[in-house]
Amino acid sequence: MTATSTGQTLITIDPDVPLVRITREFDAPPAKVFRAHTDPELVARWLGPRRHEMRIDHYDCHTGGSYRYIHASGGNEFAFHGSFHEVRPGELIVQTFTYDGMPDGVALEKVMFEALGGGRTRLTTTSLVDSFQDRDSFVASGMEEGVRESYERLDELLAG
Amino acid sequence: MRADPLSLVLSALADPTRRDMVARLAVADATVNELAEPYDVSVQAVSRHLKVLGDAGLVSRSRQAQHRPVHLEAEVFDLMTTWIERYRRQAEERYSRLDDLLESMPDDGGPAAPPTTRTPQPQPTGAQT
């Protein structure tokens with residue numbers, strides 16, 4: 001239903017399925033983009049949010065492997081873990097994603113690496129959760145401090 | 001338990017009939033009877049849809065006017081777009097770091113140039129503010 005494309009990153013929020021899709025193109029071939037997703041030292045250099053330290057507990061990115069990493073910021077730690085369900089070099093990673101603080105919640109993530117020619121790659125990441133509410137709090141959780149302010153504004157709006 | 005506002009808005013819009021009603025209200029206010037006309041459903045069913053949209057803050061109904069037309073609250077849409085834009089920007093930040101990393105990686109599969117500080121240290125210089 002909603003897609004914004006003001007920058008290079010395109011977000012699609014599906015209205016019928018609790019899914020978020022992120023699409024982005026990279027000026028590097030699929031094998032290279034794939035390596036940046038599977039080598040833990042490389043993953044640590046881009047995956048975490050800005051202003052957070054990212055600590056990788058383990059990251060065995062192959063079919064049947066698992067991962068766990070920690071984001072630390074201002075004395076708070078947030079850990080995430082999951083399993084690698086299907087890993088095909090240069091093509092596909094299917095994995096689960098769980099926030100340790102909500103161990104019953106799980107997202108199914110699919111990362112697709114598509115060769116565009118000219119040494120470029122289109123990366124498509126879909127995250128599927130089991131309820132719209134989980135999906136929406138998942139979208140909202142990425143917004144850090146801004147979200148509280150937005151919620152307050154919406155509360156005011158709804159109360160009006 | 002009270003659902004969070006974004007969930008209310010998105011789940012209200014998850015129904016195709018309600019999306020269609022919202023699209024029509026974007027053009028002009030309408031009464032419940034007018035909204036019910038094109039659908040093969042009762043006025044009561046339309047009222048139920050309107051209640052969901054109303055609970056999400058997407059529509060309101062005037063108390064005074066005789067036919068109580070339904071009005072679309074466009075501000076709520078703007079707010080939702082803002083939320084999604086923030087999420088998008090965060091993904092873009094992450095991916096521009098990936099751009100930089102890909103730039104520093106050799107094509108032959110050898111090791112990437114070392115970061116400014118060794119992992120698992122905090123982000124390389126410049127990433128922290």
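Biologist: Read along the sequence, which pattern does chain A follow?

Modeller: Helices (H or I, at least four residues) and strands (E, at least two) are DSSP runs, numbered from the N terminus. Here the order is β-β-β-α-α-β-β-β-β-β-β-α-α, which comes to 4 helices and 9 strands. Keep in mind that this is a predicted model, where local features need pLDDT of at least 70, side-chain atom pairs count only at pLDDT 80 or more, and totals for chains, interfaces and linings use all residues. Residues are numbered from 1 along each chain as its sequence is written, chains are lettered from A and ligands numbered from 1 in the order in which they are written, and side-chain values use heavy atoms, with hydrogens and water left out.

Biologist: Is A:Thr38 buried or exposed, and why?

Modeller: Buried means under 20% relative accessible area, exposed over 50%, and partly exposed in between (1.4 Å probe, protein chains only). A:Thr38 sits in helix 1 (residues 30-38) and counts as buried because its relative accessibility is 16%. Across the 160 residues of chain A, 47% are buried.

Biologist: Which residues is A:Thr38 in contact with, leaving aside its neighbours within four places in sequence?

Modeller: Contact means heavy atoms within 4.5 Å. For A:Thr38, the partners are A:Val43, A:Tyr59, A:Cys61 and A:Ile93.

Biologist: And what about A:Leu108, in which strand is that found?

Modeller: A:Leu108 belongs to strand 8 (residues 107-117). With 41% relative accessibility, A:Leu108 is partly exposed.
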